[in-house]
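Please examine the structure shown here before reading further. The paragraphs that follow lead from the sheet to the helices, then to the loops and the pockets.

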Amino acid sequence: MSVKKMILDVDTGVDDAMAIAYAIADPAVELIGILSSYGNIEADRAADNALKLLHLLHEDDVPVFLGETDPVDHKYQRIDINAQIHGENGIGDVELEEVTRPVENEDGVDFLIESAKKYGKDLTVVATGPMTNLAAAIEKDHDAMKMIGDITIMGGALTVPGNVTPCAEANIEQDPVAANELFTSDLTVTMVGLDVTYRTLLTKKETKLWRETGSEAGIKMADIVDYYIDVYADIYPELGGCSLHDPLAVGVAIDPTFVTLLHMNMKVTTEHDAYYARTIGDKARLNDPTTNVRVAVDVDKERYLEVFMNLFLELFNKLK
Ligand code: CA
């Protein structure tokens with residue numbers, strides 16, 4: 001089995017926490033760094049959450065870098081709904097042990113570019129926050145970014161409504177300009193959006209099993225995710241669980257056969273109208289012989305959940 005070198009670009013909220021745990025739990029992955037973005041929470045607090053989670057999961061050697069702190073064309077401002085969904089502290093208002101380790105001095109975007117040059121096709125990048133860091137890196141060194149083996153994002157909605165507006169998904173809505181730069185570049189991108197994450201759900205039946213491992217990591221992760229499950233029960237009672245948005249993107253980056261992919265050329269609507277931040281086919285490139293976005297439109301949720309649970313339980317048992 002070849003081990004993938006992976007960078008996670010996160011805005012550490014609850015599902016980003018699960019994405020981090022998934023990358024650590026899967027032996028097919030070597031997590032070489034975490035890039036912190038704004039989104040669910042401010043970038044510096046997202047970085048702090050990532051450091052604490054890495055400590056909880058006994059991975060204090062994974063470096064954490066600060067990425068871009070604002071969208072391309074406006075200032076980031078945390079909105080109330082983010083505190084409601086992810087908790088005031090971004091991780092379900094669960095207190096994790098403070099860490100003394102700081103974020104790295106190197107800029108996150110530079111780390112991304114350097115890693116692209118160093119590892120090329122052996123590098124996998126999974127972005128589960130806004131696309132601002134990816135767009136900044138493409139702008140700064142397109143040729144280096146073009147060398148990356150796989151870029152998978154959690155974001156967008158093609159066949160289902162958005163979760164911010166009827167058209168817009170949250171990660172894309174944070175910075176549609178950056179997302180559009182990524183989609184209309186010549187880099188190949190796999191889009192894991194609400195089309196599949198609304199159908200990939202976790203309940204307290206599963207988090208109870210994490211808790212029962214008796215490990216601090218299992219108990220704390222269950223506390224964090226139970227907060228999210230309760231919020232989902234209020235906001236989306238029809239779903240019957242919480243969406244595994246960000247960890248599904250990590251799973252798909254490791255094993256794309258979890259999903260059915262539609263190959264398309266896509267764009268993001270950046271005009272400030274009702275269609276703001278919509279991810280949709282790019283009419284200007286619809287008939288191009290080459291396509292660069294692969295949109296996940298269906299998911300083998302049973303198999304994914306089985307793999308997800310096996311990895312998490314194995315990790316929590318190991319950390320006892
Ligand atoms: Ca996220």
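Val 259 stands opposite Val 299 in β12. The strands β9 and β12 are joined by 6 bridges and run antiparallel. Strands of this kind (E, at least two residues) are DSSP runs numbered from the N terminus, as are helices (H or I, at least four residues). Two strands are said to pair if DSSP finds at least two bridges between them. The model is a predicted one, in which local features need pLDDT of at least 70 and side-chain atom pairs count only at pLDDT 80 or more, while totals for chains, interfaces and linings use all residues. Residues are numbered from 1 along each chain as its sequence is written, and side-chain values use heavy atoms, with hydrogens and water left out.

Where does this pair belong in the sheet? An open sheet is formed by 8 strands in the order β3-β2-β1-β4-β5-β6-β12-β9, and its pairing is mixed. At the edges are β3 (64-66) and β9 (259-264), each of which pairs on one side only. From one strand to the next, the twist averages 25°. Such angles run from 0 to 180 degrees between N-to-C directions, with axes taken as lines fitted to C-alpha atoms, for helices over the stretch in contact.

Strand β6 (residues 189-192) and strand β12 (residues 293-299) pair in the parallel sense over 3 bridges. Within this pairing, Val 293 of β12 is the bridge partner of Val 189.

Strand β4 has a parallel neighbour in β1, to which 5 bridges join it; here Lys 5 stands opposite Leu 123 of β4. The strands β4 and β5 also run parallel, joined by 4 bridges, and Asp 150 in β5 is the bridge partner of Thr 124. Is β4 (residues 123-127) mostly covered or mostly open? The strand is mostly covered, since 5 of its 5 residues are buried, where buried means under 20% relative accessible area, exposed over 50%, and partly exposed in between (1.4 Å probe, protein chains only). In a regular strand the side chains alternate between the two faces of the sheet. In β4, Leu 123, Val 125 and Ala 127 point one way, Thr 124 and Val 126 point the other way, and all are buried.

Helix α1 lies across β1 (4-10) and β2, running at about 170° to β1. Helix α8 (residues 176-183) packs on the sheet and touches β5 (150-154), β6 and β12, its direction making about 130° with that of β6; contact here means heavy atoms within 4.5 Å. Because 6 of the 8 residues of α8 are buried, this helix is largely enclosed by the rest of the structure. The buried residues of α8 are Pro 176, Ala 178, Ala 179, Asn 180, Leu 182 and Phe 183.

His 272 is placed in the loop between β10 (266-268) and β11 (279-281), and it counts as exposed because its relative accessibility is 68%. Asp 288 is found in the loop between β11 and β12; at 34% relative accessibility, Asp 288 counts as partly exposed.

The last topic is empty space. Rolling a probe the size of a water molecule over the atoms shows where empty space is left. On a 1 Å grid over the protein atoms alone, a pocket is an open set of points where a 1.4 Å probe fits, with protein on both sides within 12 Å along at least five of seven lines, and lining residues have an atom within 4 Å of a point. The largest pocket has a volume of about 530 Å³, a volume being the space filled by probe spheres set on the points, which are joined across faces, edges and corners. Its lining has 31 residues, and Asn 40, Asn 82, Val 164, Ala 170 and Gln 174 lie nearest its centre. This lining divides into 13 nonpolar, 11 polar and 7 charged residues, where Ala, Val, Leu, Ile, Met, Phe, Trp, Tyr, Cys and Pro count as nonpolar, Asp, Glu, Lys and Arg as charged, and the others, Gly among them, as polar.

The second largest pocket holds about 150 Å³ of space. Of the 13 residues that line the second largest pocket, Ile 24, Ala 25, Asp 26, Pro 27 and Lys 318 lie nearest its centre. Helix α13 gives the most to this lining, with 4 residues.
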